[in-house]
Each structure stands twice: as C-alpha cells, then as structure tokens.
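Have the viewer open as you read.

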Amino acid sequence: MKILVPVKRVIDYNVKPRIKADGSGIDLANVKMSMNPFDEIAVEEAIRLAEAGAAEEVVVVSIGPAKAQETLRTAMAMGADRGILVETDDEVEPLAVAKILKAVVEEEGPGLVVMGKQAIDDDSNQTGQMLAALWGRPQGTFASKVEIDGDSVSVTREVDAGLETVKLSMPAVITTDLRLNEPRYASLPNIMKAKSKPLATKAPADYGVDTAPRLKLLKVEEPPVRQAGIKVGSVDELVTKLKELGISA
Amino acid sequence: MNVLVLVEHAGGGVKDATLSAITAAKALGTVHALVAGDGADAQSTATAAAQIDGVEKVLLASDPAYADMLAENVSALIVPLMAGYDALVAPATSNGKNIAPRVAALLDVMQLSDIIAVEGPKTFRRPIYAGNAIATVESSDAKLVITVRTTGFAKAPATGGSAAVEAISGSGDAGLSSFVGREAEVSERPDLTSARVVVSGGRALKDAETFQAIIAPLADKLGAAIGASRAAVDAGYISNDSQVGQTGKIVAPEFYIAVGISGAIQHLAGMKDSKVIVAINKDPDAPIFQIADIGLVGDLFTIVPELTAKL
C-alpha cells in the first residue's frame with residue numbers, strides 16, 4: 001500500500017503574524033516558514049505505518065511556491081520516500097487544493113491519504129473532508145489513533161464530547177489531530193539523504209484544475225485589542241472584585 | 001434567501017450551538033432546520049427544534065444511518081436537499097466541521113469556515129491565523145456553505161416558534177463507514193462551550209490528581225465548567241474534550257478563570273472573547289496577564305484553595 005501525505009508550507013507557529021498596513025493580507029516577507037504542524041503529525045503517522053509494515057511507500061505532495069520544495073525535503077528527511085510539488089504562486093483555496101489532490105490520488109492510487117486537519121494560516125479545516133467527498137471515499141477526521149485492519153482502518157477521533165471511533169473501508173482519508181503522535185526530528189544524515197530523493201514538479205494545469213479563488217478577500221484587520229486590566233495583591237481583593245462583577249458561588 | 005441549518009443535538013435535545021447557528025442563519029433569510037438522527041431521540045429533537053424562534057420548518061430524517069452523524073451518510077442526505085436552498089449553515093462543532101466541507105465539495109462550493117459576523121448576503125467576517133487577524137471575505141459561489149463560530153452569535157430563543165415538522169428520507173447508509181463506539185466523559189458540570197463560568201488549568205497543575213484536587217472544588221463552588229490548556233491535555237491531566245484553544249473548544253463565558261496557564265496564542269485564540277478574564281499565575285510576565293481583566297501573581301497551590309474557601 002502507498003500512503004499519500006499532503007503538506008503545506010505556512011508561517012511558523014511561533015511567529016506572531018503581522019497584518020499589512022493596507023489591510024490586504026498578512027505580511028509574509030522575511031518571515032520564518034515551516035511545515036504546518038498538523039501535517040508534520042501526518043507525515044510522522046504515515047512513516048510509522050510504513051515502519052510497521054502496513055505501507056510500502058510514503059509520497060508527500062505540496063501545492064505552493066517553489067520554496068515549498070523545502071517543506072517536501074523536510075518530510076523526506078523525516079522518512080517519506082518521494083515528493084511531488086504542484087508549483088503555483090497563487091493562493092489556492094481548500095476546494096481547489098482538494099481537486100488537485102484528487103487528481104494526484106487518481107494517478108498514485110494510495111490506500112490512505114493522511115493529512116493535517118487544518119492549516120494554521122487560514123484555519124479552514126476543510127481540505128481533507130473535501131478530498132474525501134470528491135474521491136467518494138470515507139473520512140476519519142481529527143484522528144488521535146489509527147489502526148489498519150485488512151481492508152479497513154479504525155480511526156479514533158477527538159470530538160466535542162470526548163473520543164469516538166469509526167471504521168472506514170479503504171481507501172480513505174484521515175486528518176490528524178494534535179495527540180496522534182509526536183513527530184520526530186530529522187537527523188543530519190537523513191537530511192543529507194533526503195536531498196537525493198526524487199521530487200517531481202508539476203503545475204495545477206497539468207491536473208486540469210482551475211485555481212481561481214471563489215472567495216474574495218476584502219480586508220484583513222487586527223482583532224479588537226483587549227487591554228490588560230488590574231493586578232490585585234491578595235485573594236481577598238480578588239474575591240471583592242469578582243463579587244462586584246457579579247460572580248456567584 | 002432560503003437557509004438550511006444542520007441541527008446539532010444530543011440525548012434528544014437541541015444543543016446550544018444550534019441556537020447560535022440559527023441566529024446567524026436568520027441574518028441571511030428564511031430558516032429551515034434539518035434534524036438528522038434516529039428514533040425517539042431524533043423525534044424529540046425535531047419537536048424541540050420546531051419551537052426555536054425563527055425556525056419556519058423542520059426537516060426530520062430519521063434513520064439508523066444518521067444516528068451517529070457519520071459524515072459520509074449525512075452529507076449524502078444534505079446534498080440533494082440543497083436544490084431547494086441557497087445556503088447551508090452548520091455550527092462549527094466537531095460534527096459541523098466534519099460534515100459541512102463534504103457537502104461544500106459535492107456542491108462545488110468553497111466553504112466559509114467559522115464565521116463570526118454576517119456583513120451582507122455573501123460577505124462574512126472570520127478569524128484567521130489563530131484569531132490574530134480577522135478577514136472579511138465575499139463568496140462568489142451560487143450557494144453558500146457556512147460553519148458558525150458559536151461565540152460570535154447570540155443564542156436564538158429556544159421557544160416562541162411553532163414550525164411544522166416534515167419527515168424526509170435520504171439515501172441512508174453510504175456503505176463507506178461505520179460507527180464503532182465512543183468514550184464520552186460523563187460530567188455533572190455544565191457544558192464547556194455554554195457555561196457561564198469556566199475554570200481552566202494549565203501545565204502548572206503537575207498531574208491529573210493535583211489538577212482535580214485544585215480545580216474541581218473551585219469549579220464546583222461556582223457551578224463552572226472545567227477547561228484546560230493544550231499542555232495540560234497533552235500531559236494527560238484531563239481528557240481532550242476539555243481543551244480550550246485554536247484547535248480545541250472556543251469559549252466565551254462571563255468569567256474565565258485561568259489557573260497556571262501562561263497564555264500561548266493558541267490558547268488565547270480559544271478564550272479571549274470571554275467577558276471577564278481572571279489569571280492566577282506565579283510568573284508576573286506570563287502573556288495571560290496582558291489580556292486578563294484581573295490578575296493575581298502567586299502560588300496557585302495556596303491561592304486557589306483560599307479563593308475556593310472565601311467565595
């Protein structure tokens with residue numbers, strides 16, 4: 001079985017995003033970029049499945065600018081076997097990403113697609129579900145545990161009320177949540193080795209997908225700023241303040 | 001505009017998240033509510049949904065295939081219904097987030113996730129970058145698929161409506177997935193996302209026993225729900241459904257009491273719309289104090305029991 005892992009290059013999760021002065025978007029010039037954290041978890045899970053003998057090959061794919069090659073190399077340094085870059089400088093929305101991924105899936109024929117549940121830039125949480133829908137296959141979203149059993153996969157999901165487990169017939173799409181695993185760091189020898197792993201470059205047009213956006217971004221603004229309030233010096237003072245504000249025990 | 005709202009329900013009743021979604025849907029047009037479920041629970045949910053102020057009609061799809069809200073089955077139910085609607089609105093709950101994008105893709109629509117305001121018939125505001133920025137976006141699609149951040153909208157009154165309930169049927173089991181089971185945390189406490197008071201603990205609580213020993217008495221005294229930072233959940237102090245933050249639950253209670261939580265941006269994204277934020281932390285420079293209305297610097301292990309006793 002082959003596992004396909006889509007990865008996205010995003011602003012590093014420790015960087016506080018700056019809004020452009022004209023409100024047209026987020027300023028990404030000279031900002032540290034990294035692999036989307038949820039995608040790192042997806043890469044790790046795919047590699048673990050391969051290491052456990054459940055898969056023969058892990059293929060990573062990224063849709064983005066030429067620099068997304070670095071993200072693919074990072075995934076290959078972790079242990080993925082080869083990469084596909086679908087190169088575009090345009091912003092590609094989740095629906096168009098899902099359409100490109102569906103075309104890649106048709107070419108590659110994976111048994112599983114494992115991907116992050118959301119990207120930490122636009123926080124959409126859509127692409128995996130959309131791919132599963134377009135592909136006509138089941139989805140196990142927000143996964144905290146994945147177990148392959150023959151032709152099906154059991155996915156334990158983090159949901160509002162706790163955890164639930166679903167059984168999906170394969171092929172299937174899995175989206176990862178935070179507690180699925182802890183991604184490994186790539187070792188220096190593996191980083192060197194990743195440089196010679198195969199990386200194919202394609203364009204959205206190769207897959208016949210129109211990436212014109214459906215949503216028009218009218219403006220980006222700062223959220224309302226919350227002012228720091230007061231510091232109190234004792235529990236008694238805190239109790240007084242809370243009672244003034246109407247807390248009731 | 002005709003709007004279909006996907007009803008979030010449990011135990012035969014409508015969840016509060018639905019009421020916020022209905023407020024958002026009312027800003028767009030005429031509201032019909034879809035109850036997908038099974039048996040008596042679905043029936044009583046439909047009866048409750050019919051009484052929500054602003055709901056003009058309830059569609060009830062009762063089938064074992066919809067009992068556990070499997071996305072494959074429920075999306076296949078919704079897609080043909082959308083021929084008669086201009087928009088699908090779902091609360092941004094784990095069910096809504098699971099199902100709505102599947103519907104959007106099948107309708108060839110780019111979904112609007114997690115909206116916090118309706119600015120016009122096709123224009124919405126939504127947080128991006130963990131709430132560090134607010135985007136205003138306009139859809140060019142013929143139909144809309146929307147998930148609603150429930151803290152962005154007031155709850156529609158649960159009574160005052162008298163909608164008719166129409167039974168419908170869908171294609172049932174898509175044969176792709178099956179429900180195996182759930183591990184739900186049983187708690188007498190109010191629901192985290194709709195509680196008036198939330199007491200949240202962080203990594204400083206040391207372990208699961210200490211977390212309970214310090215946080216639970218204060219929560220009990222205040223009738224509060226218990227929340228946690230990601231660090232506390234990752235460390236196993238409490239189960240995942242208590243996580244507040246960008247990827248956990250988004251809460252906006254009247255009082256949010258953060259105990260031993262430093263305030264990573266991913267956590268702040270989940271609670272900064274709370275009315276009153278109280279922070280108790282030993283580090284005077286913790287980022288949580290930059291957004292707290294009332295801060296108390298000190299040792300939580302002495303402060304919290306004293307606070308519990310004196311409130």
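## Chain B as a whole

Of the 311 residues in chain B, 59% are buried, where buried asks for 20 or more other C-beta atoms within 10 Å of the residue's own, the C-beta atoms being placed from the backbone. This is a predicted model, in which local features need pLDDT of at least 70, side-chain atom pairs count only at pLDDT 80 or more, and totals for chains, interfaces and linings use all residues. Residues are numbered from 1 along each chain as its sequence is written, while chains are lettered from A and ligands numbered from 1 in the order in which they are written.

The C-alpha atoms of chain B occupy a box of roughly 60 × 40 × 40 Å along the principal axes. Chain B has 8 helices and 18 strands, counted as DSSP runs (helices H or I, at least four residues; strands E, at least two) numbered from the N terminus.

## Where the chains meet

On the chain B side, 70 residues are in contact with 63 residues of chain A; a contact means C-beta atoms, placed from the backbone, within 7 Å. The chain B side comprises 33 nonpolar, 20 polar and 17 charged residues. Here Ala, Val, Leu, Ile, Met, Phe, Trp, Tyr, Cys and Pro count as nonpolar, Asp, Glu, Lys and Arg as charged, and the others, Gly among them, as polar.

Strand β9 (residues 162-169) of chain A pairs with strand β13 (residues 177-184) of chain B, antiparallel, over 7 bridges; pairing requires at least two DSSP bridges. Within this pair, Val166(A) has Phe179(B) as its bridge partner.

Which strands make up the open sheet, and in what order? The 10 strands run β11(A)-β5(A)-β4(A)-β1(A)-β6(A)-β10(A)-β7(A)-β8(A)-β9(A)-β13(B), with mixed pairing. β11 (199-202) of chain A and β13 of chain B are the edges, each with a single partner strand, so one side of each lacks a neighbour in the sheet.

Inside the sheet, β7 (residues 139-149) and β8 (residues 152-159) of chain A run antiparallel, joined by 6 bridges. Asp149(A) sits opposite Ser152(A) in β8(A).

Conventions:
Contact = placed C-beta atoms within 7 Å. Buried ≥ 20, exposed ≤ 12 C-beta atoms within 10 Å, placed from the backbone.
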